[in-house]
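Subject: Structure handover

Hello,

Here is the structure you asked for, with the sequence. My notes on what was found in it come after.

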Amino acid sequence: MTTHSSSNTVVVYHSGYGHTHRMAEAVAEGAGAALHAIDAEGNLSEDGWAALNAADAIIFGAPTYMGGPSWQFKKFADASSKPWFSAQWQDKVFGGFTNSASLNGDKLNTLQYFVLLAGQHGGLWVSLGIKPSNTKASQRDDANRMGSYIGPMAQSDADAAPEEMSVGDLETARLYGVRVAGIARKHKSTEFA
């Protein structure tokens, strides 16, 4: 019989203007996760790579620019071919989140990019699991106001500071972190049962 254990979750993300960083903090808070930022040159520290290799769950984050993740995130994704060759991330739990200035902003493409990257690594994707707030009574600060199913999407006005982000978008991110870490714990506890 396997005992219930905690999961080791890592959030790896790039943020251009601070909004995605704020979202990453909310996801990490919910998941009890470590944060590892991809820098402005698209590089991740050696400690970051080691943390990803040791993680039970990996959550990707990037802003959506020009219909996809930032080039810095793409550089990180290309560099992940090293753990790919040795199946280092095989059977890990994965998730992802994104932010853009527009309501649509083609954020779905960024999330789909994350799903495919997780699939290439042989990972298990966690959906959002929060029904959309899409009635006349819905407000800007409701959870899942973007109506996503794959993972959290946030919308931040182009001229708004990170501190002005929707409380609902951040709560959606936090709840997603809780969900990913919970599924990672279940996966870990049954993996060797």
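The side chains of D56 and K188 form a salt bridge, with N to O at 3.4 Å (a salt bridge is a side-chain nitrogen of Lys or Arg within 4 Å of a carboxyl oxygen of Asp or Glu). D56 sits in the loop between α2 and β3 and K188 in helix α6, so this pair links distant parts of the chain, 132 residues apart (helices are DSSP runs of H or I with at least four residues, strands are runs of E with at least two, and both are numbered from the N terminus). K188 is partly exposed, at a relative accessible area of 31% (buried means under 20% relative accessible area, exposed over 50%, and partly exposed in between, with a 1.4 Å probe and protein chains only).

Before the rest, the basis: this is a predicted model, in which local features need pLDDT of at least 70 and side-chain atom pairs count only at pLDDT 80 or more, while totals for chains, interfaces and linings use all residues. Residues are numbered from 1 along each chain as its sequence is written, and side-chain values use heavy atoms, with hydrogens and water left out.

Other salt bridges

A search of the whole structure gives three salt bridges. One of them joins R145 and D169, whose closest N and O atoms are 2.9 Å apart. R145 is in the loop between β6 and β7 and D169 is in helix α6, so the pair ties together parts 24 residues apart in sequence. Both R145 and D169 are buried.

R174 and E171 also form a salt bridge, the closest N and O atoms being 2.8 Å apart. Both residues lie in helix α6, three residues apart, which is about one turn of the helix. R174 counts as partly exposed at 24% relative accessibility, and E171 counts as partly exposed at 30%.

Cores

The largest nonpolar core has 24 residues (a nonpolar core is a set of buried Ala, Val, Leu, Ile, Met, Phe, Trp, Tyr and Cys residues joined through side-chain atoms within 4.5 Å). The residues with the most contacts inside this core are V11, V27, I59, V93, F97, Y176 and V180. Two or more residues each come from β1 (9–13), α1 (19–31), β3 (57–65), β5 (93–100) and α6 (167–191). A second, separate core has 22 residues, including V12, F60, F73 and L117.

What does Y176 touch, leaving aside its neighbours within four places in sequence? Its contacts are I59, F94, G95, G96, W125, V126, S127, L128, I150, G151 and P152 (contact means heavy atoms within 4.5 Å).

Helix α2 covers residues 46–54, and its buried residues are G48, W49, A51 and L52. Seen down the helix axis, these buried residues fall within an arc of 160°, so they line one face of α2 (the arc is that of the directions from the helix axis to the C-beta atoms). Their cover includes β1, β2 (34–37), β3, α3 (71–79) and α4 (81–85). The face turned away from the buried side carries the exposed residues E46 and D47; D47 has 60% relative accessibility.

H36 lies in strand β2 and is buried, with a relative accessible area of 17%. Not counting residues up to four places away in sequence, H36 touches V10, V11, V12, Y13, L44, D47, G48 and A51. The C-alpha atoms of H36 and D47 are separated by 8.5 Å, and the two residues are eleven apart along the chain.

Surface patch and backbone

Y17, Y65 and M66 form a nonpolar patch on the surface, with about 460 Å² of accessible area together. Patches are made of residues with over 30% relative accessible area and no salt bridge, where like charges are joined within 9 Å and nonpolar side chains (Val, Leu, Ile, Met, Phe, Trp, Tyr) within 5 Å. Accessible areas come from the Shrake-Rupley method with a 1.4 Å probe, and for residues only the protein chains shown count as cover.

M66 is in the loop between β3 and β4 (68–69) and is exposed, at 87% relative accessibility. M66 has a positive phi of about 50° although it is not a glycine. N144, also not a glycine, has a positive phi of about 50°. N144 is in the loop between β6 (124–125) and β7 (153–155) and counts as buried, at 3% relative accessibility.

Regards
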